[in-house]
Amino acid sequence: MDQRNFYIETYGCQMNVSDTEIVNSILMEEGMQPVNEPDDAEVVFINTCSIRENAEERVWNRLKEFKALKRERDKDMTVGVLGCMAERIREKIMEKEELVDLVVGPDAYRDLPKLLSDVDDGRKAVNTILSLEETYADIKPVRRNDNGVSAFVTIMRGCDNMCAFCVVPFTRGRERSRKADSIIEELQQLSNQGYKEVTLLGQNVNSYDDGENSFADLMYKASQVDPEMRIRFSSPHPKDFPEELLEIIAEQPNLCNYIHIPAQSGNNEVLERMRRPYTREQYLELVEKMRDIIPGVTLSTDIITGFCGETEEEHEDTMSLMAKVKYDLAYMFAYSERGRTLAQRKYEDDVPEDVKKRRLSEIIEQQMNIQEELNKKEIGRRHLVLVEGTSKRSDEQLCGRTDTNKMVVFDRQDNLEKGDYVEVTITDCTSATLMGDVIKKSSIKEYDQETVAA
């Protein structure tokens, strides 16, 4: 048994958070103990992200800090890189820079105990082989840094879409789905542990197919596990979003009325260069269908500005799409070229950095105005809010999310605890947050019955 302490620092998406929980489980099964600070650990990992250049830059800087820490310490310290950067930079990070002892790709976490033994024997250890089968379905994730209310559950791994800008198919491999039974079992365990909200994760969740269940089937089964546990999902793709799923969301009170639907651009020529197989018109038609079938649904999106060859007119098309849809939230980024992608091989990254920054600023400013406008319309409305904990602003206030994924801050009540549902009337807002007054403690069932009756 390995008695050493380990520390994991996680960068990037929710999928990486979920992967860290899998690694926690594997290492703890070997007798290792997690700690909260790298100074207290004999083994230090960074779980990495390759989606954008600035994320990789932060990892490089952090590894240099760990190298300095390793030099300062009297006892040995093992440093490893996990996840998406592993395959891309393994030679540079191990041989040229000599920053790490261990490099492990996202499909090789089961191999960690053996790889740590190799390092102990004085060898550098690498496994970045991508798998066509690995889903970690039998491993029970160990969640250490969540709020005890909301959890992530990975339902599939990899991606087959091959968007021109995206490195995920090269860092996470081909698409494969976890068996529905193992997902439902994990949801039941989370319900038993008191979790009240779960987000199902995949690179393209609506491609989920375990041979017996579609994503719509899985969402329906998930909704039946615990009627008082909310279910969310991320991320779907506009190209194959099933109408059946919209009907199921509309029918099941614990399936959240919030959909993240990445657009990336509002211009058809840019979408074609990006290898996004839908048009602006088809995307807007899908948005209209979502709003028709699920009244009150809120939408969020991903936007990339400054993609290869983007003109001012094409940028304006993205601005106009966002103004037309009026997203409740948007994740907005300037394009950064990633190695091995189609865009890197085929196109020139020819939009100047100052132009990218200016376009990004224009998009962000417009989006913040839209969010404030939408949030002002919430004033006077009533929402069921899941209490997540104490507000960052004040210990006298609590915060939580609506079914539609809006953050609400409200005064603390003696009878309220983390994980409770509470009905709140919205009284004020910013572009990011709603403020409200508590009406009463409630439940999904009670609130749904009241809403139907009204």
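**Close-up views of a predicted model**

**Figure 1. Packing of α11 against α13.** Helix α13 (residues 353–376) packs with α11 at an angle of about 15 degrees, and the two axes lie 10 Å apart. That angle makes α11 roughly parallel to α13, since angles under 35 degrees count as roughly parallel. The model shown in this and the other views is predicted. The crossing in which α11 passes α13 is right-handed. On the α11 side, the residues that meet α13 are Glu 312, His 315, Thr 318, Met 319, Met 322 and Ala 323. Their partners in α13 are Val 355, Arg 358, Arg 359, Glu 362, Ile 363, Gln 366, Gln 367 and Ile 370. Sorted by class, the contact of α11 with α13 holds six nonpolar, four polar and four charged residues.

**Figure 2. Packing of α10 against α11.** Helix α11 also packs with α10: their axes come within 11 Å and cross at roughly 10 degrees. This makes α10 roughly parallel to α11. The crossing of α10 and α11 is right-handed. From α10, the contact uses Arg 280, Tyr 283, Leu 284, Val 287 and Arg 291. From α11, it uses Asp 317, Ser 320, Leu 321, Lys 324 and Val 325. The class count for the contact of α10 with α11 is five nonpolar, one polar and four charged residues.

**Figure 3. Backbone at Lys 326.** Lys 326 lies in the loop between α11 and β14 (329–334). Although Lys 326 is not a glycine, its phi is positive, at about 60 degrees.

**Figure 4. Packing of α7 against α8.** Helix α7 (residues 215–223) and helix α8 (residues 243–251) have axes 9 Å apart and pack at an angle of about 15 degrees. As a result of that angle, α7 is roughly parallel to α8. In passing α8, α7 makes a left-handed crossing. The residues of α7 in the contact are Phe 215, Ala 216, Asp 217, Met 219 and Tyr 220. Those of α8 are Glu 244, Leu 245 and Ile 248. By class, six residues of the contact of α7 with α8 are nonpolar, two are charged and none is polar.

Figure 5. The peptide bond from Ser 234 to Ser 235 is cis, and its omega is near -5 degrees. Ser 235 is placed in the loop between β11 (230–234) and α8.

**Figure 6. The second largest pocket.** The second largest pocket holds about 920 Å³ of space. It is lined by 35 residues, of which Asn 257, Pro 295, Gly 296, Val 297 and Thr 404 are the closest to its centre. Elements giving two or more residues to this lining are α8, α10 (280–293), α11 (312–325), β15 (382–390) and α14 (444–453). The largest share comes from α14, with five residues. By class, the lining of the second largest pocket has 14 nonpolar, eight polar and 13 charged residues.

**Figure 7. The largest cavity.** A search of the whole structure finds one cavity of 30 Å³ or more. The largest cavity contains about 60 Å³ of space. Its lining consists of Ser 18, Ile 22, Thr 135, Tyr 136, Ile 139, Pro 141, Phe 152, Val 153, Thr 154, Arg 157, Arg 178 and Glu 186. Two or more of the lining residues come from each of α1 (14–29) and β7 (150–154). Strand β7 gives the most to the lining, with three residues. By class, the lining of the largest cavity has six nonpolar, three polar and three charged residues.

Technical notes
Residues numbered from 1 in each chain as written. Predicted model: local features only at pLDDT ≥ 70, side-chain atom pairs only at ≥ 80, totals over all residues. Heavy atoms only, no water. 1 Å grid on protein atoms, 1.4 Å probe; cavity = no way out; pocket = protein on both sides within 12 Å on 5 of 7 lines; lining within 4 Å. Points joined across faces, edges and corners; volume = space filled by probe spheres on them. Helix = DSSP H or I, 4+ residues; strand = E, 2+ residues; numbered from the N terminus. Nonpolar A, V, L, I, M, F, W, Y, C, P; charged D, E, K, R; others polar. Axes fitted to C-alpha atoms, helices over the stretch in contact; angles between N-to-C directions. Parallel < 35°, antiparallel > 145°, perpendicular 65-115°, else oblique. Left-handed = near helix turned anticlockwise from the far one by under 90°. Contact = heavy atoms within 4.5 Å.
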